[in-house]
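Please look over the sequence and the structure shown here before reading on.

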Amino acid sequence: MPILEQAPPESRVLADSVPPPAEQGVRVILDDAGIRRSITRIAHEILERNDDAESLYLVAIPNGGVPLARLLVENLKQIGGRDIPLGILDTTLYRDDLVIRGERPRLRETEMPSSVDEKLVILVDDVVSTGRTIRAAMDALMDFGRPRGVQVVSLVDRGHRELPIKIDYVGKNIPTRADEKVRLRGQGAGDDPLEVVLMTHADEAVGGPAEAGWGERR
Amino acid sequence: MIGNDLLGIEDLPREDIETILATAERMQEIGTREVKKVPTLRGRTIINLFFEPSTRTLSSFEIAGKRLSADVVNFSVSNSSVSKAESILDTAKTLDAMDPDCVIVRHGVAGVPKRIADVLDAPVINAGDGYHEHPTQALLDLLTVHQEKGRIDGLTVAIIGDILHSRVARSNIYGFTKMGAEVRVAGPPTMLPSNVEALGVKAYTSLREVLEGADVVMALRIQTERLEGAFFPSIREYSATFGLDRAKLRYAKDDAIVMHPGPVNRGVELSHDLADHRPSVILDQVRNGVALRMAVLYLLSGRPSRAKAKDAEG
C-alpha cells in the first residue's frame, strides 16, 4: 500500500489504465448496467401483475437481496409513484442444515418495519438455487403475520432446485454446474457497482457484499 | 468459531467475545417480535443443572432456550456440599445419558462446571461457580455497555462493592479489560482481594476517586446471605461509604451509566431513585441477558458432539 501512495501521479494514471488482472476462475456474467435493466423490467412486471400496488411489501433476504430490493423500491416509486415498504429478513435461524453443518453461520440483519398481515409480499434474493433459502424465508415471514400472498424475485436462477419453489420474476437464468458458485458483489451505490460473478473454482474468500462487523454501528 | 464450552471469560479469546456479542445483537430483534420464537433449536434438549438457588439466571436461560424452540428441562439440586463432589459427577453423567444438547451449570463451588464439562459429551455453560466466574453475566454487561456507549474500547469502568466474593466482578474484569476498557475496583479493604491489581485493574478504597471520570459505574450486590464473618461494621456504614445515589454519582462523567447484576438491595448499593431510573440500565441488562443467552445457546448447542469431533480428528 505505501508503495502505491508514494508513486508519482503519472505512474498512477498509468496504473489506472491497465486493466486489473482477471481473478482466477471468476467470470462476470452480469454487470451493473445489466443488473439495473433487469431490475427495471422486474419492477414493471410486478406492477403489471399486481394491480393493488398499495398492498405491496418488499422483503429482502440479506446480504445480496438488500441492494437489489433498494433498487426495486426506487424503480417502483418512479414507475408507480408510490413508496413501497421494505423489510430485511435474515433466514439463518430458519435454515434446515444448521445441525448437519455443525458450525454456526453469522447472523445477519432483520428489520421488518411493520406486520405483513394482508400484504402482498415480494421476497427479493440475489441468487436462487436449491430453493431452501426461499423455504426458510417463507417460514420466517409467517412469524411476522399472515400475508395475502407471497411472490419471489431473484436476479439469477441457477437451477439445481431441491424443493418445489417457483420464482415469479427472474432477472436471468444461468445454467451452472453444482460445484460452481454464483455471487452478487457490490452495493450499487457510489463507486461500488453491482456485478454477478460465476466462480468456477469456488473460493469462499470471494464472498457476497461485505457484512458490517461487530462494533460498527448500524 | 467458539469452542465447545463456555466456562469463563478468562480463557475466552477476544474474537469469541465479539462473535457472541454480534450474535446477541441480532438475537435482540427476536425479542421485539410479536411471535418471539424461532425454530433454530427445535428438537434439541437443554438442561439447566442448578445446584444453587436462582430465579433470574435460571429463568433467563429458560426463556432463551424456549425462544430458540429448544426443550428446556430444569434440574434444581439444593444440596451442594463439597463433600458430595462424587455425586455431582454422577448426577451429570446421569443427565448426559439422556442426550442433552447443552447443559447449563450453576454451583456454589468454583470449578464444578469445568469438572462436569470434562465428563460430559454435551457442551457446558457456566452459569456461576462459587467466587470464580459468571461468564454470561459479564457478556450481557458488555452488550449493555456497547449498546449504551457504542464502544467498549477506551471506556473507564468502575466496579464497586464486594470484589472478593464476586464472580460477576471477576468475569467483568476479564471481559472489560480484554475489550480494551480501563477497569477500576473499589470497596471496603476487607472486600478487595489482595492481589486484585494483578488482574490489570486499579484498586481504590474511596468512592469519590474511583468514580472520577468513570463512564460506567457497576455496583455489586452485598450478598448478606453468603457473608460469613465481619467484612464491614454495618450495612448502614457500607451504604454511607460505598452506596450510590445521585449526589455521589456527580463525581463520575455526566453521561455515566449505572449497572447492577441484581437483585438490588435498595438503599444499600443504590438509592431507590437510582435503582429505578436512568442513568441506571438495570432492566436493560435483564432484557439483554435473554438475547445474550440465546446467542450462546445458538453458538454452542446441538453441534456435533465432542466425541464425534474427536473421532473426526482421529
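The notes below start with how to read the model and then go topic by topic.

This is a predicted model, in which local features need pLDDT of at least 70 and side-chain atom pairs count only at pLDDT 80 or more, while totals for chains, interfaces and linings use all residues. Residues are numbered from 1 along each chain as its sequence is written, and chains are lettered from A and ligands numbered from 1 in the order in which they are written.

**Chain A**
- Chain A has six helices and eight strands, where helices (H or I, at least four residues) and strands (E, at least two) are DSSP runs numbered from the N terminus.
- From the N terminus on, these elements follow the order α-α-β-α-β-α-β-α-β-α-β-β-β-β.
- Of its 218 residues, 35% count as buried; a residue is buried if 20 or more other C-beta atoms lie within 10 Å of its own, exposed if 12 or fewer, and partly exposed in between, with C-beta atoms placed from the backbone.

**Where the chains meet**
- The contact takes twelve residues from chain A and 18 residues from chain B, two residues being in contact if their C-beta atoms, placed from the backbone, lie within 7 Å.
- On the side of chain B that touches chain A, helix H1 (14–30) and helix H11 (282–300) of chain B are the elements that give two or more residues, and the largest share, six residues, comes from H1(B).

**Strands S3 and S4 of chain B**
- Strand S3 (residues 102–107) of chain B is joined to S4(B) by four bridges, and the two run parallel; strands pair if DSSP finds at least two bridges between them.
- In S4(B), B:Asp129 is the bridge partner of B:His107.
- Six of the six residues of strand S4 (residues 124–129) of chain B are buried, so this strand is largely enclosed by the rest of the structure.

**The nonpolar core**
- The largest nonpolar core has 145 residues, and those with the most contacts inside it are A:Leu58 and B:Val217; such a core is a set of buried Ala, Val, Leu, Ile, Met, Phe, Trp, Tyr and Cys residues joined through C-beta atoms within 7 Å.
- H11(B) gives the most to this core, with eleven residues.
- Not counting residues up to four places away in sequence, A:Leu58 touches A:Ala69, A:Leu72, A:Val73, A:Ile84, A:Leu86, A:Ile122 and A:Val124.

**An exposed loop residue**
- B:Ala97 lies in the loop between helix H3 (85–96) and S3 of chain B, and B:Ala97 is exposed, with 9 other C-beta atoms within 10 Å.
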